[in-house]
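Please keep the sequence and the structure at hand while reading.

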Amino acid sequence: MNTGIGSPTIVADNPADTIAKRVHYSPPWADLSIIGIAGSSGSGKSTLSQAIVSKLNLPWVVILSMDSYYKPLNAEASRKAFLNEYDFDSPEAIDFDALVDTLRDLKAGKRAEIPVYSFEKHQRMKETTSIYSPHVLVLEGIFALYDPRVMDLMDMRIYCEADADTCLSRRILRDVKDRGRTVDGCIKQWFGFVKPNYEKYVVPQRNHADIIVPRGIENRVAMTMVTQYIERKLLEKSTHHRAALKSLEVGYETEPLSERAIILKETPQLKSMTTLIQDIDTSSEDFIFYFDRLSCLLIEQALNNVHFKELTVETPAGNKYCGLTPKGEVSAVIILRGGATFEAGLRRVIPDCRTGRLLIQSNIRTGEPELHYLKLPKDINNHDSVLLLDAQMASGGSALMAVQVLVDHGVPQDRIVFATFSAGRVGVHRLTKVFPEITVVIGNMVSDFQDRWVEKRYFRC
Amino acid sequence: MASESEKRPQVGPTQCVGPNYRSESQKPIATVSTEVEHDNVVILPQTPQLIALLTMIRDKNTERADFIFYSNRIIRLLVEEGLNHLPVVEHTVTTPIGSTYAGLMFQGKICGVSIMRAGEAMEQGLRDCCRSVRIGKILIQRDEETAKPKLFYDKLPEDIANRWVLLLDPMFATGGSAIMAVEVLKSRGVPEERILFLNLIASPEGIRNFSSKFPRLRVVTAFVDQGLDEKNYIIPGLGDFGDRFYTM
């Protein structure tokens, strides 16, 4: 038991101190901003949220509707629901615990599975949709500003207000058109539940709001205000992310490269191939041929870092041989577009390799890497090893982000082998500082911060 | 059969195989290539991946399609290593980002020569690295009367005397046919030091025979096995390469 608060020797040996010294990379989605939009049914919450999100038009600004968090109904409640006698407009109908879990996961940068609620069946569907890596999340629902735990996680609270007649007519139109209800049923629900609950639970949320927006999207001033607020938040996050990346450069000039950074042996052939690849006068045909040849060697070298187990086999003549076999499945994740140049080499070595893809692009203005698209094998966390492929690594920004994505999806660091045709010291240093247990396999070391030219030459555009 | 294999305990050198940054206890143990003393023998680095590929092709239960695929992967690595012994000259180029790169350029003409039939299985691997390479063929078979290898057929590039020759035969047992093939090449004017003999599995006996006869010829192999049995088959070996690749 560690009782030595006063004892300097014990404090110095505390492993927590070493962990604290470890360099940390914080992806731009690590500190999610949440904007809550509450208001009566039909007050224009979702229209407003959609208008804001489509105006910004960025993949990392997303809407989460609280409709997904209706509690699944038991047989009795379900029967009532079909008779329009179940109270969907009371806070009781919402699974706030599940919602809080989701928001906390997202806030921690993890992937969250969002339940899909069927209004036709009054049940949660088997499938879920997942949200990962948003920078800003708009949470809309009649009770968005109801649960204090949810409100604590919010950066901005909005309350939408609309005239009751407008709300009712919008609600009838929506429920009949999109949710398979009848006009009679809608009216029955309105006077039975919606209106009384509105007065009892919805209106009091006004007091928790930062902004009250009347007239929904017609209210251009409010729209602009909210959009500008989000834009400012995004800029803050981007600045923070870039500064965090910059701070990871410290020490790269003096410290040696990690022992897990493996540079291909510079044999005469390898150097000759590299020369052909680097030469601007090499024809596209030759460029592609030699790049494929080299990428094959790079993949073979990367595979030396996956895990093997012992296996004794018998030869046709009946002799025994004590050999090795891969411990489990090796899959690959390609960082688009650069990593796609390795696909030919990869298929030559593992023809049926399961391959995830993610698109990370550097912002033209700021140079900040941005995650635009992500598709990974479902059970990637169970694969024995994952090869992460990119043609070049300059600052290491996209590599860091890609490894973070894999770690967020449950792939342990020591199962990740990052392979690249060329890298600069800064990039390798940053990547191995933050993720000391990954292996990095490099074709050749180049000057820092080289532009991405390999993919342009390979794909010829 | 069982008594024969018991007579000869097949213990090759074993060691922990894996990258340097892993501790010994983290690395699995496997039989690795037998060391040989001759300078002109190049054995591929005994990486876990190479051992796993060899395990696959040695296994009698491996299907033909897999046998072909995994041998091709080893052959590619062999060819890549073999090509490293060809001459290069310094060559500086301008890169796409506008800087100069002090690189190297391939020098000298090459050709492949496969010893039929098994050697032909290595041609694809050679072509994968060297497009449109010239490939000659030599057919050598055991003479029924003398039980010695006999040259039946050869077709080689006209200008072979001016080329580096990559001689291809996957299994290097006693080296009887390989010796004859080298003699054919030498008679066509190819100097010993411009011949590289590429094979997957070699025997210490074959290497010994070769290096006393052709001290300047280089052998590139993936693995040197423990030895030969009384029928001169490599132990543990992988069976008949040609049969497993072409007809089984």
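How many residues in the lining of the second largest pocket are nonpolar, how many polar and how many charged? In this predicted model, the lining of the second largest pocket divides into 14 nonpolar, 11 polar and five charged residues.

## The second largest pocket

The second largest pocket holds about 930 Å³ of space, and 30 residues line it. Nearest its centre lie A:Lys265, A:Gln301 and A:Asn304 from chain A, together with B:Pro45 and B:Thr47 from chain B, so that residues of both chains are found there.

Several elements each supply at least two residues of this lining: in chain A they are strand 8 (261–263), helix 10 (268–278) and helix 11 (284–303), and in chain B they are helix 2 (48–58) and helix 3 (64–83). Helix 2 of chain B gives the most to the lining of the second largest pocket, with four residues.

## The largest pocket

Sorted by class, the lining of the largest pocket contains 19 nonpolar, nine polar and six charged residues.

In chain B, strand 6 (110–116), strand 7 (135–142), strand 10 (171–172), helix 5 (176–187) and helix 7 (241–247) each contribute at least two residues to the lining of the largest pocket. The most comes from strand 7 of chain B, which gives four residues.

The size of an interface is often expressed as the accessible area that is lost when the parts come together. Between them, chain A and chain B bury about 4,800 Å², with 58% of this area on carbon and sulfur atoms. Of the area that chain A buries against chain B, 15% is supplied by A:Gln269, A:Tyr321 and A:Leu324, which is more than any other three residues supply. The contact takes 55 residues from chain A and 53 residues from chain B.

Four salt bridges are counted between chain A and chain B, and one salt bridge pairs B:Lys60 with A:Glu314, whose closest N and O atoms are 3.1 Å apart. There are also 24 residue pairs in polar contact between chain A and chain B, counted where both residues have a pLDDT of 80 or more. On the side of chain A that touches chain B, helix 10, helix 11, strand 9 (308–314), strand 10 (320–326) and helix 12 (343–349) of chain A each supply at least two residues. Helix 10 of chain A provides the largest share of that side, 10 residues, and by class the residues of the side of chain A that touches chain B are 24 nonpolar, 15 polar and 16 charged.

## Cavities

The count comes to four cavities of 30 Å³ or more, and the largest cavity has about 50 Å³ of space. The lining of the largest cavity consists of A:Ser40, A:Ser41, A:Asp89, A:Ile142, A:Val194, A:Asn197, A:Tyr198 and A:Val202, which divide into four nonpolar residues, three polar residues and one charged residue.

## Backbone details

Most peptide bonds are trans, and most residues other than glycine have a negative phi. Against this background, B:Met116 and B:Arg117 are joined by a cis peptide bond with an omega of about -5°, and B:Arg117 belongs to the loop between strand 6 and helix 4 (123–129) of chain B. A cis peptide bond also joins B:Ile235 and B:Pro236, with an omega of about -5°; B:Pro236 sits in the loop between strand 14 (234–235) and helix 7 of chain B.

In chain A, A:Asn57 is not a glycine, and yet its phi is positive, at about 50°. A:Asn57 is found in the loop between helix 3 (45–56) and strand 2 (61–65) of chain A.

## Charged pairs

Side chains of opposite charge can pair when their charged atoms come close. Over all chains, the count comes to 36 salt bridges. In one of them, the side chains of A:Asp95 and A:Arg124 meet at 2.9 Å, N to O. This pair links distant parts of the chain, 29 residues apart, with A:Asp95 in the loop between helix 4 (75–82) and helix 5 (96–107) of chain A and A:Arg124 in strand 4 (residues 123–131) of chain A.

Conventions: Residues are numbered from 1 along each chain as its sequence is written. Chains are lettered from A and ligands numbered from 1 in the order in which they are written. This is a predicted model: local features need pLDDT of at least 70, side-chain atom pairs count only at pLDDT 80 or more; totals for chains, interfaces and linings use all residues. Side-chain values use heavy atoms; hydrogens and water are left out. Ala, Val, Leu, Ile, Met, Phe, Trp, Tyr, Cys and Pro count as nonpolar, Asp, Glu, Lys and Arg as charged, and the others, Gly among them, as polar. On a 1 Å grid over the protein atoms alone, a cavity is a set of points where a 1.4 Å probe fits but cannot get out, and a pocket is an open set with protein on both sides within 12 Å along at least five of seven lines; lining residues have an atom within 4 Å of a point. Grid points are joined across faces, edges and corners, and a volume is the space filled by probe spheres set on the points. Contact means heavy atoms within 4.5 Å. Buried area is the accessible area (1.4 Å probe) that two parts lose on being put together, summed over both. A polar contact is a pair of N or O atoms within 3.5 Å; within protein, one must be able to donate a hydrogen and the other to accept it, and residues adjacent in sequence count only if both atoms are side-chain atoms.
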